[in-house]
Structures are given as structure tokens and as C-alpha cells.
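Please look through the sequence and the three-dimensional model shown here, and then follow the explanation below, which begins with a single residue and widens to the whole chain.

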Amino acid sequence: MDPKLLDILACPLCKGPLKLADDKSELVCKADALAFPVREGIPVMLETEARSLNVDERLDK
Ligand SMILES: [Zn+2]
């Protein structure tokens with residue numbers, strides 16, 4: 001994914017910053033404990049498509 005794209009992306013819920021997952025398959029909002037999928041390089045910024053983080057992921061810094 002284009003790093004510049006990540007700069008302009010914000011969480012649709014809290015408008016906070018997102019973190020790209022290590023495998024680049026998800027964009028994570030720690031504040032909401034949600035992970036938004038990245039499909040074929042396109043972030044899907046929909047709450048209905050987001051996955052809730054599990055406990056380990058929430059604790060991960
Ligand atoms: Zn958020």
C-alpha cells in the first residue's frame with residue numbers, strides 16, 4: 001500500500017490514526033479495538049466490515 005495513503009486514512013469512527021498490520025492485511029484502530037480489512041491493496045473503511053481485536057491484539061503495543 002502507498003505509505004502516503006496510510007497518512008490520510010483515519011478511523012471512520014473515532015477519526016484517530018490507524019496502524020497497518022504487520023502482514024499489511026488490516027488497518028488497526030487501537031482506540032476502538034477494530035481492524036479494517038485491506039482487500040487487494042484497498043482499505044475497506046466500513047465498521048460493518050471491521051473485525052474486533054482479540055485480547056492479545058488489544059494488549060499488543
Ligand atoms: Zn477508531
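Predicted model: local features only at pLDDT ≥ 70, side-chain atom pairs only at ≥ 80, totals over all residues.

Threonine 48 counts as exposed because its relative accessible area is 72%, where exposed means over 50%, buried means under 20% and partly exposed lies in between, with a 1.4 Å probe and protein chains only. Threonine 48 sits in the loop that joins strand S4 (42–43) to strand S5 (51–52), and its C-alpha atom is 9.3 Å from that of phenylalanine 36, a residue twelve positions away along the chain.

Residues are numbered from 1 along each chain as its sequence is written, and side-chain values use heavy atoms, with hydrogens and water left out.

The protein contains two helices and five strands, arranged along the sequence in the pattern α-β-β-β-β-β-α; helices (H or I, at least four residues) and strands (E, at least two) are DSSP runs, numbered from the N terminus. Taken along the principal axes, the C-alpha atoms fill a box of roughly 30 × 25 × 20 Å. The radius of gyration is 11 Å, which agrees with the value near 10 Å that a compact globule of 61 residues would have; this radius is taken over C-alpha atoms, and the globule rule is 2.2 Å times the number of residues to the power 0.38.

Of the 61 residues in the protein, 33% are buried. The accessible surface comes to about 4300 Å², and 55% of that surface belongs to carbon and sulfur atoms, the areas coming from the Shrake-Rupley method with a 1.4 Å probe, where for residues only the protein chains shown count as cover. Among contacts with a separation of 6 or more, 24% are made by residues 24 or more positions apart, contact meaning heavy atoms within 4.5 Å.

The loop between helix H1 (3–8) and strand S1 (19–20) holds lysine 15, and alanine 10 lies in the loop between H1 and S1 as well. Alanine 10 is partly exposed because its relative accessible area is 33%. Leaving aside neighbours within four places in sequence, alanine 10 is in contact with Lys15, Gly16, Leu18 and Met45; as for methionine 45, which is 35 residues away along the chain, its C-alpha atom is separated from that of alanine 10 by 8.8 Å. Lysine 15 has a phi near 65°, a positive value in a residue other than glycine, and lysine 15 counts as exposed because its relative accessibility is 61%.

Glutamate 40 belongs to the loop between strand S3 (34–39) and S4, and it counts as exposed because its relative accessibility is 84%.

Two cysteines remain to be described. Cysteine 11 counts as buried because its relative accessibility is 0%, whereas cysteine 14, at 35% relative accessibility, counts as partly exposed. The structure holds zero disulfides, a disulfide being a pair of cysteine sulfur atoms within 2.5 Å.
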